[in-house]
Amino acid sequence: MTRRRFRYVPFTIEQDQTAEPEYDARCVSGDETECGAESGTHSGPEPVEEWQRKHTQETGHRRYRRNFGDYAVMRPPAQLAELVRADGGTA
Ligand SMILES: [Zn+2]
């Protein structure tokens, strides 16, 4: 019986710069049923916070569920070395 052995490859994890991160919030204020108002999806946190401030001012609601999502890419060490070479390196 052969056992496959996997060599440990120290991938680095980076945010995918080609895809925008996503921020949104939903109002979860309310005793039995939550309000459910949504900020919509934005590529930064500022518009979401602005929406929250406005919603709180209009309704008095103060509790939100916030979501953040982004894409990650795994970069193997060989590719890292290539990048350094492409940059001209320092050596
Ligand atoms: Zn609300």
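Colleague: How many salt bridges does the structure hold?

Modeller: Side chains of opposite charge can pair when their charged atoms come close. A salt bridge is counted when a side-chain nitrogen of Lys or Arg lies within 4 Å of a carboxyl oxygen of Asp or Glu. By that rule the structure holds 3 salt bridges. Please note that this is a predicted model, in which local features need pLDDT of at least 70, side-chain atom pairs count only at pLDDT 80 or more, and totals for chains, interfaces and linings use all residues. Residues are numbered from 1 along each chain as its sequence is written, and side-chain values use heavy atoms, with hydrogens and water left out.

Colleague: Which residue forms a salt bridge with Glu14?

Modeller: The partner of Glu14 is Arg75, and their closest N and O atoms are 3.0 Å apart. This pair links distant parts of the chain, for Glu14 is in strand S1 (residues 12-15) and Arg75 in strand S4 (residues 72-75), 61 residues apart. Helices (H or I, at least four residues) and strands (E, at least two) are DSSP runs, numbered from the N terminus.

Colleague: Is Arg75 buried or exposed?

Modeller: A residue is called buried under 20% relative accessible area, exposed over 50%, and partly exposed in between (1.4 Å probe, protein chains only). Arg75 has a relative accessible area of 17%, so Arg75 is buried. Glu14, at 27%, is partly exposed.

Colleague: What separates Glu58 and Lys54 in helix H1?

Modeller: Glu58 and Lys54 are 4 residues apart in helix H1, which means that about one helical turn separates them. They form a salt bridge whose closest N and O atoms are 3.8 Å apart, and both residues are exposed. Glu34 forms a salt bridge with Arg26, with 3.1 Å between the closest N and O atoms. Glu34 is partly exposed at 42% relative accessibility, and Arg26 is partly exposed at 27%.

Colleague: Let us turn to the rings. How many aromatic pairs are there?

Modeller: Rings of Phe, Tyr and Trp (its six-membered ring) pair if their centres lie within 6.5 Å; planes under 30 degrees apart count as stacked, over 60 as edge-to-face and the rest as tilted. The count comes to 2 aromatic pairs. In one of them, Tyr23 and Phe68 have ring centres 4.8 Å apart and planes at 50°, so the pair is tilted. Tyr23 lies in strand S2 and Phe68 in strand S3 (residues 64-69), so this pair ties together parts that are 45 residues apart in sequence. Tyr23 is partly exposed at 22% relative accessible area, and Phe68 is partly exposed at 48%.

Colleague: Why is the pair of Trp51 and Tyr64 edge-to-face?

Modeller: Their ring planes stand at 75°, with centres 5.7 Å apart, so the pair is edge-to-face. Trp51 is in helix H1 and Tyr64 in strand S3, 13 residues apart. Both Trp51 and Tyr64 are buried.

Colleague: Which residues coordinate the zinc ion?

Modeller: Donors are N, O and S atoms within 2.8 Å of the metal (3.2 Å for Na, K and Ca); water is not among the atoms, so sites may look incomplete. Here the zinc ion is coordinated by Cys27 (SG), Cys35 (SG), His55 (NE2) and His61 (ND1), at 1.9 to 2.4 Å.

Colleague: Why is the arrangement of the 4 donor atoms tetrahedral?

Modeller: Four donors count as tetrahedral if all angles lie between 85 and 135 degrees. The 4 donor atoms around the zinc ion subtend angles of 107 to 112°, which makes the arrangement tetrahedral.

How values were computed
Four donors count as tetrahedral if all angles lie between 85 and 135 degrees; four count as square planar and six as octahedral if opposite donors are over 155 degrees apart and all others between 65 and 115; anything else is irregular.
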